[in-house]
Amino acid sequence: MPGRWSLAHATFYGDETASETMGGACGYGNLFNSGYGTDTAALSSTLFRNGYACGTCYQIRCISSPHCFRGSPIATVTATNLCPPNWAKDSNNGGWCNPPRTHFDMSKPAFMNIAAWKAGIVPVMYRRVPCVKKGGLRFTFQGNGYWLLVYVMNVGGGGDIGGIWVKGSKTGWMSMSHNWGASYQAFATLGGQALSFKVTSYTTRQTIIAWNVAPSNWNVGLTYQASVNFV
């Protein structure tokens, strides 16, 4: 169910190619490859919640500005980055992402769905909405033989992660700890084992199991896609 509408402000960063939005504080890397495209936003720390908001989805509409497009159209974006505070600037004059401000720094293509880019900053109404994603959860592996770091992407439903566990074909379930952004880690020797993941949504508390996502010859630097996702 969508959340209630709340008031915030929005700016944009980068250009029409959205190349500056790649990477980012959630660790999604190339947003085209990881399924997020250009419909993304960086959140002020008030919304970002130390990375637990990575992957959450929002509807945003421009209000009360002559630069809003007619009919106040809605842009739907996924949170993929942090808009950090800028303490050198006043919160009402350039320090738009300073706490406790609720702010969306949108990709330029997403911003141009709701307002003329020359506006710079506009008041908006926003609400959380379920994320609609194609295909299953994606797990990108980093780390080494004793440490597995997993970036969890393409998360449907609430879009966020409350807990994640990993299971090798020769082990029981092991809880993974939050590292940064949308990444989770396990200090364990899991090489040569097929890996399964159990994931709990932070928002809905729903838990799903992705069995044998990665084959026994898995490797770091690769992405493995599950057949299951939150809805």
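Is Pro100 buried or exposed? In this predicted model, Pro100 has a relative accessible area of 70% and is therefore exposed, the cut-off for that class being over 50%. Pro100 belongs to the loop that runs between strand E4 (74-83) and strand E5 (103-107). Its C-alpha atom is separated by 9.3 Å from that of Leu47, a residue 53 positions away along the chain.

The side chain of Asn98 makes a polar contact with the side chain of Ser91, at 3.5 Å. Beyond residues up to four places away in sequence, Asn98 touches Pro85, Asn86, Trp87, Lys89, Asp90 and Ser91.

Strands of a sheet pair through backbone hydrogen bonds, and the pairing can be parallel or antiparallel.

Strand E5 has pairings of both kinds. With strand E1 (residues 6-13), E5 pairs in the parallel sense over 5 bridges, and Ala10 stands opposite Phe104 of E5. With strand E2 (residues 40-44), E5 pairs in the antiparallel sense over 3 bridges; here Ala42 stands opposite Asp105 of E5. Strand E5 is mostly covered, with 5 of its 5 residues buried.

Strand E2 is likewise largely enclosed by the rest of the structure, because 5 of its 5 residues are buried. Besides its pairing with E5, E2 is joined to E4 by 5 bridges, and these two strands run parallel. The bridge partner of Leu43 in E4 is Leu82.

Strand E4 is also joined to strand E3 (residues 57-62), again by 5 bridges, but E3 and E4 run antiparallel. Within this pairing, Gln59 has Thr76 of E4 as its bridge partner. The loop between E3 and E4 contains Ser72. The relative accessible area of Ser72 is 18%, which is under the 20% limit, so Ser72 is buried. The side chain of Ser72 reaches the backbone oxygen of Cys62 at 2.8 Å. Leaving aside neighbours within four places in sequence, Ser72 is in contact with Arg61, Cys62 and Ile63.

The largest nonpolar core has 33 residues, of which Tyr58, Ile60, Phe104 and Met106 touch the most other members. For Tyr58, the contacts that remain once neighbours within four places in sequence are set aside are Leu43, Ala53, Ala75, Thr76, Val77, Ala79, Phe104, Tyr126, Arg127, Arg128 and Val129. Leu43, in this list, is the residue whose bridge partner in E4 is Leu82. Thr76, also in the list, is the bridge partner of Gln59. Phe104, a further contact of Tyr58, stands opposite Ala10. A second, separate core has 26 residues, including Val155, Ile161, Tyr184 and Ala214.

A further set of strands forms an open sheet. This sheet has 8 strands in the order E13-E12-E9-E10-E11-E8-E7-E14, and the pairing is antiparallel. Strand E13 (207-214) and strand E14 (223-225) are the edge strands, each of which pairs on one side only. The twist in this sheet averages 30° from one strand to the next. Within the sheet, strand E7 (residues 138-144) and strand E8 (residues 147-153) run antiparallel and are joined by 7 bridges. Phe141 stands opposite Val150 in E8.

The UniProt record, an unreviewed entry, lists residues 146-226 as "domain: Expansin-like CBD". Over this range the chain is 0% helix and 49% strand.

Methods: Residues numbered from 1 in each chain as written. Predicted model: local features only at pLDDT ≥ 70, side-chain atom pairs only at ≥ 80, totals over all residues. Heavy atoms only, no water. Helix = DSSP H or I, 4+ residues; strand = E, 2+ residues; numbered from the N terminus. Buried < 20%, exposed > 50% of the residue type's maximum accessible area, 1.4 Å probe, protein only. Core = buried A, V, L, I, M, F, W, Y, C linked by side-chain atoms within 4.5 Å. Contact = heavy atoms within 4.5 Å. Polar contact = N/O pair within 3.5 Å; in protein donor to acceptor, adjacent residues only side chain to side chain. Pairing = 2+ DSSP bridges. UniProt positions renumbered as here; feature names shortened; annotations may be inferred. Axes fitted to C-alpha atoms, helices over the stretch in contact; angles between N-to-C directions.
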